Amino acid sequence: QFREFSIVQDYNLSKISIQDFSNLFCIGSFQHVKDFMNLGAKGFPNKKWFNYSNYGRLIGDELLNRDYSILPAGELNRLKFEILGRHGKDCKIFVRPDEGDKLFTGFVLDLEEFDSFAKEYDSHLIIISEPCKIIGEWRFVACREGEILGVSLYRYQDNLVSVPSCPPKMTDYVKRIAQNLKDWPDDLLVFDVAEVS
């Protein structure tokens, strides 16, 4: 009985006509979710659960970036060639923050940018892995019992789309992960699934 809000960067609460937020489940940035939870909507309250270092230990083999390293961003200066040797492809690595509230969106970092990136994010923990080309991304909402409540293709070949379907085997795959997950942050959880080249 939940309605999912669109994930938007800028919104004006005064323009939303809903009076009762108690049947709403909000997905988005932590600030976005916090704003709506203050109005009575449901959302994920456990920020620490969404650190990559936390859920990586739970479903590491299923992660797109399952061969990863975690270190403070400032260490890119000192360890740049060791990192390139392990995770580099064409003198580039993929980086994303460990924290779930995302200081920045994950992206491919070129060797020439290591120093400035390290300086800007110095003590923040980052996840480093080999870059890969994502073709399509699907978003699933599942409940603690492992039932899939909703699915949508939301990005395909770098285009934002909204198609409420997925390949049949993908649903079975997400159900299996959801049913085997031992530690849930709340009654609902969102799973993003990627197709890679």
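Phe 104 and Phe 117 are both buried, where buried means under 20% relative accessible area, exposed over 50% and partly exposed in between, with a 1.4 Å probe and protein chains only. The model is predicted: local features need pLDDT of at least 70, side-chain atom pairs count only at pLDDT 80 or more, and totals for chains, interfaces and linings use all residues. Residues are numbered from 1 along each chain as its sequence is written, and side-chain values use heavy atoms, with hydrogens and water left out.

Aromatic pairs were assigned from ring geometry. Rings of Phe, Tyr and Trp (its six-membered ring) pair if their centres lie within 6.5 Å; planes under 30 degrees apart count as stacked, over 60 as edge-to-face and the rest as tilted. The count comes to 10 aromatic pairs. Phe 104 and Phe 117 form an edge-to-face pair, at 5.4 Å centre to centre and 85 degrees between the planes. Phe 104 lies in the loop between β4 (92-97) and β5 (107-110) and Phe 117 in helix α4 (residues 114-121), so the pair ties together parts that are 13 residues apart in sequence. Helices (H or I, at least four residues) and strands (E, at least two) are DSSP runs, numbered from the N terminus.

Phe 104 also pairs with Tyr 121. The ring centres of Phe 104 and Tyr 121 are 4.7 Å apart and the planes stand at 50 degrees, so this pair is tilted. It links distant parts of the chain, with Phe 104 in the loop between β4 and β5 and Tyr 121 in helix α4, 17 residues apart. Phe 104 counts as buried because its relative accessibility is 9%. Tyr 121 is buried too, at 14%.

Elsewhere, Trp 49, Phe 50, Tyr 52, Tyr 55 and Tyr 68 form one aromatic cluster. Arg 139 lies over the face of Tyr 154, at 4.5 Å from the ring centre. The rule for such a contact asks for NZ of Lys or CZ of Arg within 6 Å of the ring centre and within 35 degrees of the ring normal.

Two residues stand out by backbone angle. Most residues other than glycine have a negative phi. Asp 90 has a positive phi, near 55 degrees. Asp 90 lies in the loop between α3 (75-87) and β4 and is exposed, with a relative accessible area of 67%. Asp 158 also has a positive phi, near 65 degrees. Asp 158 sits in the loop between β8 (148-156) and β9 and is exposed at 54%.
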